[in-house]
Amino acid sequence: MSKLTTSQLLLLAKSSYLLLLAWVLLWHLWLSPPVDISLGLMLTFWVVPLLFPLKGILAGKPYTYAWSCFVLLLYVLHSTTLIFVSDTERWLAAVELVLVLSAFWFGLQYAKFRGKELGIGLKKLKDKSKD
(Lines give C-alpha, C1' and ligand atoms only; values in the text may rest on other atoms or scores of the structure.)
Protein backbone atom coordinates (compact mmCIF):
# COMPACT_ATOMS: atom_id res chain seq x y z
CA MET A 1 0.00 0.00 0.00
CA SER A 2 1.40 3.38 -0.95
CA LYS A 3 1.88 6.03 1.67
CA LEU A 4 -0.92 8.59 1.84
CA THR A 5 -0.11 12.28 1.59
CA THR A 6 -1.15 14.72 4.28
CA SER A 7 -3.88 16.17 2.06
CA GLN A 8 -5.25 12.67 1.39
CA LEU A 9 -5.22 11.91 5.12
CA LEU A 10 -7.05 15.18 5.78
CA LEU A 11 -9.69 14.31 3.20
CA LEU A 12 -10.18 10.82 4.65
CA ALA A 13 -10.25 12.07 8.25
CA LYS A 14 -12.67 14.88 7.51
CA SER A 15 -14.92 12.65 5.40
CA SER A 16 -15.00 9.93 8.05
CA TYR A 17 -15.85 12.42 10.77
CA LEU A 18 -18.61 14.08 8.78
CA LEU A 19 -20.02 10.72 7.71
CA LEU A 20 -20.09 9.65 11.35
CA LEU A 21 -22.00 12.82 12.27
CA ALA A 22 -24.46 12.24 9.42
CA TRP A 23 -24.84 8.56 10.38
CA VAL A 24 -25.63 9.37 14.01
CA LEU A 25 -28.29 11.84 12.88
CA LEU A 26 -29.72 9.41 10.34
CA TRP A 27 -29.74 6.58 12.87
CA HIS A 28 -31.55 8.47 15.63
CA LEU A 29 -33.89 10.54 13.46
CA TRP A 30 -35.00 8.05 10.85
CA LEU A 31 -33.61 4.51 10.94
CA SER A 32 -34.26 3.72 14.62
CA PRO A 33 -35.78 6.66 16.50
CA PRO A 34 -35.81 6.30 20.30
CA VAL A 35 -38.92 4.86 21.92
CA ASP A 36 -38.28 5.23 25.66
CA ILE A 37 -36.22 8.44 25.63
CA SER A 38 -37.11 11.83 24.16
CA LEU A 39 -35.61 12.53 20.77
CA GLY A 40 -34.16 15.82 22.00
CA LEU A 41 -32.30 14.14 24.83
CA MET A 42 -31.00 11.42 22.52
CA LEU A 43 -29.75 13.94 19.97
CA THR A 44 -28.20 16.09 22.69
CA PHE A 45 -26.31 13.12 24.06
CA TRP A 46 -25.13 11.69 20.72
CA VAL A 47 -24.81 14.69 18.39
CA VAL A 48 -23.56 17.55 20.59
CA PRO A 49 -20.22 15.86 21.47
CA LEU A 50 -19.47 15.57 17.74
CA LEU A 51 -20.17 19.29 17.28
CA PHE A 52 -17.55 20.47 19.81
CA PRO A 53 -14.52 19.88 17.53
CA LEU A 54 -16.39 20.53 14.26
CA LYS A 55 -14.95 24.02 13.61
CA GLY A 56 -11.36 22.76 13.93
CA ILE A 57 -12.16 19.61 11.95
CA LEU A 58 -13.48 21.67 9.04
CA ALA A 59 -10.48 24.01 9.29
CA GLY A 60 -8.05 21.07 9.20
CA LYS A 61 -6.32 21.87 12.49
CA PRO A 62 -4.10 18.94 13.49
CA TYR A 63 -4.44 19.63 17.23
CA THR A 64 -8.24 19.40 16.94
CA TYR A 65 -7.98 16.08 15.11
CA ALA A 66 -5.76 14.77 17.90
CA TRP A 67 -8.03 15.71 20.80
CA SER A 68 -11.24 14.82 18.94
CA CYS A 69 -10.15 11.19 19.25
CA PHE A 70 -11.03 11.41 22.93
CA VAL A 71 -14.59 12.30 21.91
CA LEU A 72 -14.63 9.46 19.40
CA LEU A 73 -13.88 6.94 22.14
CA LEU A 74 -17.45 7.45 23.39
CA TYR A 75 -18.74 6.22 20.02
CA VAL A 76 -16.37 3.26 19.99
CA LEU A 77 -17.76 2.24 23.37
CA HIS A 78 -21.35 2.79 22.20
CA SER A 79 -21.03 0.80 19.00
CA THR A 80 -19.10 -2.13 20.45
CA THR A 81 -21.58 -2.42 23.31
CA LEU A 82 -24.56 -2.44 20.94
CA ILE A 83 -22.93 -4.99 18.67
CA PHE A 84 -22.90 -7.45 21.56
CA VAL A 85 -26.14 -6.43 23.27
CA SER A 86 -28.73 -5.43 20.67
CA ASP A 87 -29.91 -7.78 17.95
CA THR A 88 -32.11 -5.11 16.33
CA GLU A 89 -29.48 -2.37 16.12
CA ARG A 90 -26.40 -4.54 15.55
CA TRP A 91 -26.00 -3.53 11.91
CA LEU A 92 -26.42 0.16 12.78
CA ALA A 93 -23.73 -0.18 15.43
CA ALA A 94 -21.42 -2.01 13.01
CA VAL A 95 -21.66 0.87 10.53
CA GLU A 96 -20.99 3.33 13.35
CA LEU A 97 -17.96 1.33 14.46
CA VAL A 98 -16.45 1.33 10.95
CA LEU A 99 -16.99 5.09 10.63
CA VAL A 100 -15.67 5.93 14.09
CA LEU A 101 -12.57 3.76 13.70
CA SER A 102 -11.92 5.35 10.30
CA ALA A 103 -12.29 8.84 11.76
CA PHE A 104 -10.07 7.87 14.69
CA TRP A 105 -7.31 6.30 12.60
CA PHE A 106 -7.18 8.87 9.80
CA GLY A 107 -7.54 11.74 12.29
CA LEU A 108 -4.57 10.53 14.31
CA GLN A 109 -2.48 9.93 11.20
CA TYR A 110 -3.31 13.37 9.85
CA ALA A 111 -2.47 15.03 13.19
CA LYS A 112 0.82 13.15 13.37
CA PHE A 113 2.05 13.91 9.85
CA ARG A 114 0.70 17.45 9.65
CA GLY A 115 2.22 18.20 13.05
CA LYS A 116 5.60 16.99 11.77
CA GLU A 117 5.25 19.19 8.68
CA LEU A 118 4.52 22.22 10.86
CA GLY A 119 7.24 21.36 13.36
CA ILE A 120 4.74 20.95 16.18
CA GLY A 121 4.98 18.05 18.55
CA LEU A 122 5.87 16.79 21.95
CA LYS A 123 9.49 16.44 22.83
CA LYS A 124 10.66 12.95 23.58
CA LEU A 125 11.43 12.22 27.20
CA LYS A 126 15.16 11.75 26.54
CA ASP A 127 15.25 15.16 24.79
CA LYS A 128 13.67 16.84 27.82
CA SER A 129 16.26 15.39 30.18
CA LYS A 130 19.03 17.19 28.24
CA ASP A 131 17.43 20.59 28.96
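**Charged pairs and their surroundings**

Modeller: A search of the whole structure turns up two salt bridges. The term covers a side-chain nitrogen of Lys or Arg within 4 Å of a carboxyl oxygen of Asp or Glu. The model is predicted, so to speak of a local feature takes pLDDT of at least 70 and to count a side-chain atom pair takes pLDDT 80 or more, while totals for chains, interfaces and linings use all residues. Residues are numbered from 1 along each chain as its sequence is written, and side-chain values use heavy atoms, with hydrogens and water left out.

Take the pair R90 and D87. Their closest N and O atoms are 3.0 Å apart. D87 is exposed, at 62% relative accessible area. R90 is partly exposed, at 34%. Buried means under 20% relative accessible area, exposed means over 50%, and partly exposed lies in between (1.4 Å probe, protein chains only).

Now the other pair, E117 and R114. Here the closest N and O atoms are 2.8 Å apart. Both residues sit in helix α5, three residues apart, which puts about one helical turn between them. An α-helix has 3.6 residues a turn, so residues three or four places apart point the same way. Side chains of opposite charge can pair when their charged atoms come close. E117 is partly exposed, with 47% relative accessibility. R114 is partly exposed too, at 26%.

What carries that second pair? Helix α5 runs over residues 90-118, which makes 29 residues. Helices here are DSSP runs of H or I with at least four residues, strands are runs of E with at least two, and both are numbered from the N terminus. At 1.5 Å a residue α5 should span 42 Å, and its end C-alpha atoms are 41 Å apart, which agrees. The expected span is 1.5 Å times one less than the number of residues. After α5 comes G119, whose phi is positive, near 75 degrees.

Next, look at V100, which is found in α5. V100 is buried, with a relative accessible area of 0%. Beyond residues up to four places away in sequence, V100 touches L20, L72, Y75, V76 and S79. A contact means heavy atoms within 4.5 Å. Take S79 from that list. S79 lies in helix α4 (residues 62-85). S79 is likewise buried, at 0%. V100 and S79 are 21 residues apart in sequence, and their C-alpha atoms are 8.9 Å apart in space.

Leaving aside neighbours within four places, V24 is in contact with W46, V47, L50, Y75 and E96.

L25, L26, L29, W30, L31, L39 and W91 make a nonpolar patch of about 680 Å². Patches take residues with over 30% relative accessible area and no salt bridge; like charges are joined within 9 Å, and nonpolar side chains (Val, Leu, Ile, Met, Phe, Trp, Tyr) within 5 Å. Helix α1 (residues 6-31) gives the largest share, five residues. L12 is partly exposed, at 32%. Its C-alpha atom is 9.6 Å from that of W105, 93 residues away along the chain.

Last, the whole protein. There are six helices and zero strands. Of the 131 residues, 39% count as buried. The C-alpha trace spans about 60 × 35 × 30 Å along its principal axes. The protein exposes about 8,400 Å², and carbon and sulfur atoms supply 70% of that. Accessible areas come from the Shrake-Rupley method with a 1.4 Å probe; for residues, only the protein chains shown count as cover.
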